[in-house]
Amino acid sequence: MKKKKPLFTVVIPTYNRAKLLKKAIQSVINQTISDWELIIVDDGSTDDTRKVIIGFGDERIKYIFQEKKERSVARNIGIEKASGNYICFLDDDDFYLENHLSCFNTILTERNFPSIILRSGYCKEFVGGERKKTTNYNVQVHKNPVHFSAFNMCGVWSLCIPKDCLKEDKFP
């Protein structure tokens, strides 16, 4: 039986951050939709990274080891190995809220899965658990999207990008 292709591939590059990585992985597992695969590209870790990843025992998680080449190369390898139609990124010291992929899925479904890049907002979490939301783009308030992006963080971990858009344009 052929395995169904996931809608989303989440790519996490990591290096010697096994303890932080657990929360990032668990946040993907905790998504309210299950139409995803997780590719973790280990950039030459010498800690327990491999053991932590394998310990989750989830067949949707793929582990790839590479000799130290830095996170951009790791992200590019994750893109190459991705089978999802849309690529999302997560850093090993960050995490998704439970509805992160579901929100993207809702927009994509409503629009019949277009070839568009989506951006989420994000929260900064402070010691003690306080969270502060960032500003989302609003055409009535922010007249210039480039200006908005320049002054309001648009991290790679807030994006959902069609895989086709990443065939030629790679991380430098």
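This is a predicted model: local features need pLDDT of at least 70, side-chain atom pairs count only at pLDDT 80 or more; totals for chains, interfaces and linings use all residues.
The protein chain contains 5 helices and 8 strands. Along the sequence these elements follow the order β-α-β-α-β-α-β-α-β-β-β-α-β. Of the 172 residues in the protein chain, 41% are buried. Considering contacts between residues at least 6 apart in sequence, 73% join residues at least 24 apart.

Helix 4 spans residues 100-110, and its buried residues are H100, L101, S102, F104 and L108. An α-helix has 3.6 residues a turn, so residues three or four places apart point the same way. The buried residues of helix 4 pack against strand 1 (8-14), strand 2 (36-42) and strand 4 (86-89), and also against strand 5 (118-119) and strand 8 (159-162). After helix 4 comes N112, which has a positive phi near 60°.

Side chains of opposite charge can pair when their charged atoms come close. The structure holds 9 salt bridges. One of the salt bridges joins the side chains of D93 and R17, with an N to O distance of 3.4 Å. D93 belongs to the loop between strand 4 and helix 4, and R17 to the loop between strand 1 and helix 1 (18-29), so this pair ties together parts that are 76 residues apart in sequence. Both partners count as partly exposed: the relative accessibility of D93 is 39%, and the relative accessible area of R17 is 31%.

A salt bridge is also formed by R75 and D91, whose closest N and O atoms are 2.7 Å apart. This pair links distant parts of the chain, with R75 in helix 3 (residues 71-81) and D91 in the loop between strand 4 and helix 4, 16 residues apart. R75 has a relative accessibility of 7% and is therefore buried, the cut-off being under 20%. D91 is likewise buried, at a relative accessible area of 16%.

K167 and D164 form a further salt bridge, in which the closest N and O atoms are 3.5 Å apart. Both K167 and D164 are exposed.

Methods. Residues are numbered from 1 along each chain as its sequence is written. Side-chain values use heavy atoms; hydrogens and water are left out. Helices (H or I, at least four residues) and strands (E, at least two) are DSSP runs, numbered from the N terminus. Buried means under 20% relative accessible area, exposed over 50%, partly exposed in between (1.4 Å probe, protein chains only). Contact means heavy atoms within 4.5 Å. A salt bridge is a side-chain nitrogen of Lys or Arg within 4 Å of a carboxyl oxygen of Asp or Glu.
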